[in-house]
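This report describes one protein chain, section by section. The sequence and structure are shown first.

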Amino acid sequence: MKNGESRMEQIKLIEKLLEIRKYKEIKEILKEMNDVDVAEMLEGFSDENMIRIFRLLPKDDAADIFAYMSSDREHALIDSLTNKELENIINDLYSDDVMELLEELPANVVKRIIAASNPETRRDINHLLRYPEDSAGSNMNIDFVDLRADMTVKEAIARIRRIGVDKETINTCYVIDNFRHLLGIVTLRKLVLSSQSALIEEIMNDNLITVHTMEDQEDVAHDFQKYDLTSMPVVDNENRLVGIITVDDIVDIMQEETTEDIEKMAAMVPSDKPYIKNGPFETFKKRIPWLLLLMISASITGKIIQGFEHALAGSVILTAFIPMLMDTGGNSGSQASVSIIRALSLDEIKHSDIVKIVFKEFRVAILVGVTLAACNFIKMMIIDHVSIMIAAVVCLTLIVTVIIAKIVGCTLPILADKLGFDPAVMASPFITTIVDALSLLIYFTIATNLLNL
């Protein structure tokens with residue numbers, strides 16, 4: 001049975017149990033499920049039934065399940081829960097989950113959440129709110145285990161047992177001095193395998209990889225991937241430990257950044273909501289700016305065609321090959337740009353590699369252009385029955401267009417990145433518009449010279 005069908009059967013069963021008030025049976029079903037699956041299942045209920053089921057959850061599980069729910073369902077719960085229920089949930093959430101929640105809710109709801117929090121949680125929230133959105137500081141978690149360098153292993157393990165239950169991770173512990181300067185890290189594995197009388201400073205690893213609070217979240221994700229980390233300490237300007245970022249946060253960041261890049265590459269303003277949650281008017285607002293800009297820029301191609309009306313009048317057959325040339329040029333440029341944008345995002349290339357990249361794309365363009373031109377020449381001779389000169393004009397244009405398109409496609413993203421812009425903006429729609437105009441200029445220039453039009 002597919003997961004979707006199984007989920008629907010669970011929802012129907014629980015709805016029946018709700019009707020006959022068999023709450024004990026519902027609790028037993030929920031107890032056997034993973035927290036993520038419970039949160040996903042709750043999405044299938046009406047708001048009223050979702051709230052009834054949520055109140056049946058054990059207090060210890062409610063906060064974890066709440067953190068996995070979609071923002072609109074979290075909002076519905078917040079509106080329905082009492083201040084005491086809300087306080088229990090917020091105080092049990094990890095700080096990074098609270099921040100993610102606050103970023104998606106209206107200001108009046110945020111005020112209620114902060115008011116319902118205990119003083120310690122409120123202090124943590126206010127601390128995290130100081131950092132810009134999409135920075136390491138706004139994504140960090142302050143629920144970590146810190147140790148002193150002069151502790152023994154026995155004392156460290158006792159501290160982990162005492163405070164570890166409320167921490168996001170205890171696999172890696174952070175060694176600090178009296179001023180909270182980060183000195184090193186020590187893993188739980190190292191603690192367990194070391195002598196209980198050994199000092200933390202003797203077994204800690206002081207070869208640290210850290211991230212600054214103001215660093216962009218995308219750069220943090222790259223560091224996680226590069227160094228194969230599961231957590232990373234976040235420090236301030238004075239190297240004081242202020243929080244940690246864990247791999248589950250990085251997965252969310254990578255998904256968010258990838259979605260944003262895909263939307264930019266498709267000429268859309270990035271959205272912070274899932275597709276299904278955006279209404280028609282919101283979707284319209286995200287798409288229309290780039291469409292208007294591209295439409296206006298595409299009118300340049302019309303002006304170019306008008307400027308060569310005499311050439312077209314002298315050989316009308318040339319018109320038939322304009323779409324093929326423009327499409328092939330646009331596709332060639334898009335291939336190069338997507339490859340470069342991806343390489344930039346993975347730090348596989350640097351700005352200084354631009355000459356090497358252009359030379360490589362030029363060689364690729366020669367091979368591609370000649371192959372396409374040869375195939376097209378045969379097709380024009382056998383199927384289209386055009387003159388050799390017309391075929392020569394089209395095929396020569398095809399080679400030059402592919403070369404220009406590849407060079408434009410590989411250089412624009414690098415130049416955009418060097419100037420501080422997102423290279424994803426220089427993707428298919430934008431490059432296609434530029435290449436379309438260039439391909440027409442090349443086509444008509446070659447045609448007028450070879451055909452004496």
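The model is a predicted one. R180 sits in the loop that links β2 and β3. Its phi is near 65°, a positive value in a residue that is not glycine.

D228 also has a positive phi, of about 55°, and is likewise not a glycine. This residue is found in the loop between α15 (217–227) and β5. With a relative accessible area of 69%, D228 is exposed, as the cut-off for that class is over 50%.

## Domains

Three domains divide the chain: domain 1 covers 1–129, domain 2 covers 144–265 and domain 3 covers 277–451. Taken over C-alpha atoms, the centres of domain 1 and domain 3 are 51 Å apart.

## Nonpolar cores

The largest nonpolar core has 56 residues, and within it L42 and F54 touch the most other members. Helix α9 (residues 107–116) supplies the largest share of this core, 5 residues. Domain 1 (1–129) and domain 2 (144–265) each contribute at least three residues to this core. Another core, of 25 residues, lies apart from it; F308, L318, F321 and A447 are among its members.

Leaving aside residues up to four places away in sequence, F54 touches L42, A62, F66, M69, L77, L81 and I89.

## The sheet β1-β2-β3

Three strands form an open sheet in the order β1-β2-β3, and the pairing is mixed. β1 (146–148) and β3 (182–187) are the edge strands; each has a single partner strand, so one side of each has no neighbour in the sheet. From one strand to the next, the twist averages 35°.

The pairing of β1 with strand β2 (residues 172–176) is parallel and runs over 3 bridges. Within this pair, L147 is opposite V175 in β2.

Strand β5 (residues 231–235) is mostly covered, with 5 of its 5 residues buried. In a regular strand, side chains alternate between the two faces of the sheet. In β5, S231, P233 and V235 point one way, while M232 and V234 point the other way, and all are buried.

Strands of a sheet pair through backbone hydrogen bonds, in either the parallel or the antiparallel sense. β5 pairs with strand β4 (residues 211–212) in the parallel sense over 2 bridges. V234 in β5 is the bridge partner of V211. With strand β6 (residues 241–246), β5 runs antiparallel and is joined by 5 bridges. In that pairing P233 stands opposite I244 of β6. β5 and β6 make up a hairpin with 5 residues between them, and N239 in the turn has a positive phi of about 60°.

## Annotated transmembrane regions

An unreviewed UniProt entry annotates residues 364–382, 388–412 and 424–446 as "transmembrane region". In the model, residues 364–382 are 100% helix and 0% strand, with 27 Å between the end C-alpha atoms. Residues 388–412 are also 100% helix and 0% strand, and their end C-alpha atoms lie 36 Å apart.

Note on methods. Residues are numbered from 1 along each chain as its sequence is written. This is a predicted model: local features need pLDDT of at least 70, side-chain atom pairs count only at pLDDT 80 or more; totals for chains, interfaces and linings use all residues. Side-chain values use heavy atoms; hydrogens and water are left out. Domain bounds come from an automatic or database domain assignment. A nonpolar core is a set of buried Ala, Val, Leu, Ile, Met, Phe, Trp, Tyr and Cys residues joined through side-chain atoms within 4.5 Å. Buried means under 20% relative accessible area, exposed over 50%, partly exposed in between (1.4 Å probe, protein chains only). Helices (H or I, at least four residues) and strands (E, at least two) are DSSP runs, numbered from the N terminus. Contact means heavy atoms within 4.5 Å. Two strands pair if DSSP finds at least two bridges between them. Axes are lines fitted to C-alpha atoms, for helices over the stretch in contact, and angles run from 0 to 180 degrees between N-to-C directions. UniProt positions are given in the numbering used here, feature names are shortened, and annotations may be inferred rather than shown by experiment.
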